[in-house]
Amino acid sequence: MAECERCGRKAKLTLVEIEGAQMYLCPDCSRYGKVVQRREEPPPQRKVSAPRPKQPRRPDVLSREKELAQDYPRRIQRGREKLGLSREELGRKINERVSVIAKLEHGEMHPPDSLVKKLEKTLGIELMEDVEEVHISSSASSTGMTLADFIVRKK
Ligand SMILES: [Zn+2]
C-alpha cells in the first residue's frame, strides 16, 4: 500500500486533483479534490495498418486471341462498297449514324465489339484477326500510341 500524499495514511489511493495538482490520496482526502479519471491507456492503435498482401498486379497482357484488324477501315469500306451500300445505307442497316461509319472508315474510331459483330455480319467481312499475346505497359498506352501499334501479327 502506498501512502496518501496528504495525510500519509496507508490506504488505497486515488489520483485526485487538488488546486491544479495531482496527488495520490486516500479515500478520506480524495474527497477534497476532483478525482482524476485514470485513463486507461488504450492499446496503441497502429495508424499504419499491416501492409496488405500485395495484390498480384494484373500483367498488362492482351491474351485475347483476336484483335481488331489494323486495316479495319479498309475492310469496312470495301465490304460496304462490295454490297453497293452508301455510308448512309450501311448506317441505317446497322443503326449507326453516318458519322460513325465515316469515322470507322477513316480509322478514327475503333468499333466496340458489338459494332464489330454487326459490321461483320452485315458486310460479310472479318474485322478481327489473330494476334499473338502482346505485352503492353500501362505507361505506353498514355503516350498516344494506339493499341494497333503493339499488335504483333501472326505470320
Ligand atoms: Zn489522506
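Here is a quick briefing on the fold, the sheet, the helices and the cores of this protein.

This is a predicted model, in which local features need pLDDT of at least 70, side-chain atom pairs count only at pLDDT 80 or more, and totals for chains, interfaces and linings use all residues. Residues are numbered from 1 along each chain as its sequence is written. You're looking at five helices and seven strands, where helices (H or I, at least four residues) and strands (E, at least two) are DSSP runs numbered from the N terminus.

**Overall layout**

- Going along the sequence, the pattern reads β-β-α-β-β-β-α-α-α-α-β-β.
- Of the 155 residues, 14% count as buried; here buried means 20 or more other C-beta atoms within 10 Å of a residue's own, exposed means 12 or fewer, and partly exposed is in between, with C-beta atoms placed from the backbone.
- Among contacts in the protein with a separation of 6 or more, 39% link residues 24 or more positions apart; a contact is a pair of residues whose C-beta atoms, placed from the backbone, lie within 7 Å.

- Three strands make an open sheet in the order 2-1-3, with antiparallel pairing; strands pair if DSSP finds at least two bridges between them.
- Strand 2 (21-25) and strand 3 (34-35) are the edge strands, each pairing on one side only.
- In general, strands of a sheet pair through backbone hydrogen bonds, either parallel or antiparallel.
- Strands 1 and 2 are antiparallel and share five bridges, with T14 sitting opposite L25 of strand 2.
- These two strands form a hairpin with two residues between them, and E19 in the turn has a positive phi of about 50°.
- On the other pairing, two bridges join strand 1 (residues 14-18) to strand 3, again antiparallel; E17 has K34 of strand 3 as its bridge partner.

**A11, ahead of the sheet**

- A11 belongs to the segment before strand 1 and is partly exposed, because 18 other C-beta atoms lie within 10 Å.
- A11 and C26 are 15 residues apart in sequence, yet their C-alpha atoms are 5.5 Å apart in space.
- Setting aside neighbours within four places in sequence, A11 is in contact with M1, C4, C26 and P27.

**Helix 2**

- Helix 2 spans residues 72-82, and its buried residues are Y72, R75, I76 and R80.
- Seen down the axis of helix 2, these fall within an arc of 125° (the arc of the directions from the helix axis to the C-beta atoms), so they line one face of the helix.
- The other side of helix 2 has R74, E81 and K82 exposed.
- The buried residues of helix 2 pack against strand 5 (66-68), helix 3 (87-94), helix 4 (98-105) and helix 5 (113-123).
- Just after helix 2 comes G84, with a positive phi of about 65°.

**Helix 5**

- V116, L119 and L123 are the buried residues of helix 5.
- Looking down the axis of helix 5, its buried residues fall within an arc of 65°, so they line one face of the helix.
- D113, S114 and K121 are exposed on the other side of helix 5.
- The buried residues of helix 5 pack against strand 5, helix 2, helix 3 and strand 6 (128-130).
- G124 follows helix 5 and has a positive phi, near 65°.

**Nonpolar cores**

- The largest nonpolar core has ten residues: A69, Y72, I76, L90, I101, L104, V116, L119, L123 and L127; a core is a set of buried Ala, Val, Leu, Ile, Met, Phe, Trp, Tyr and Cys residues joined through C-beta atoms within 7 Å.
- Helix 2, helix 4 and helix 5 are the elements that give two or more residues to this core, and helix 5 gives the most, with three residues.
- Apart from this core lies another, of six residues, among them L13, V16, C26 and C29.
- As for L104, its contacts are P73, I76, M109 and P111, not counting residues up to four places away in sequence.
- As a general point, nonpolar side chains tend to be buried together in soluble globular proteins.

Conventions:
Contact = placed C-beta atoms within 7 Å.
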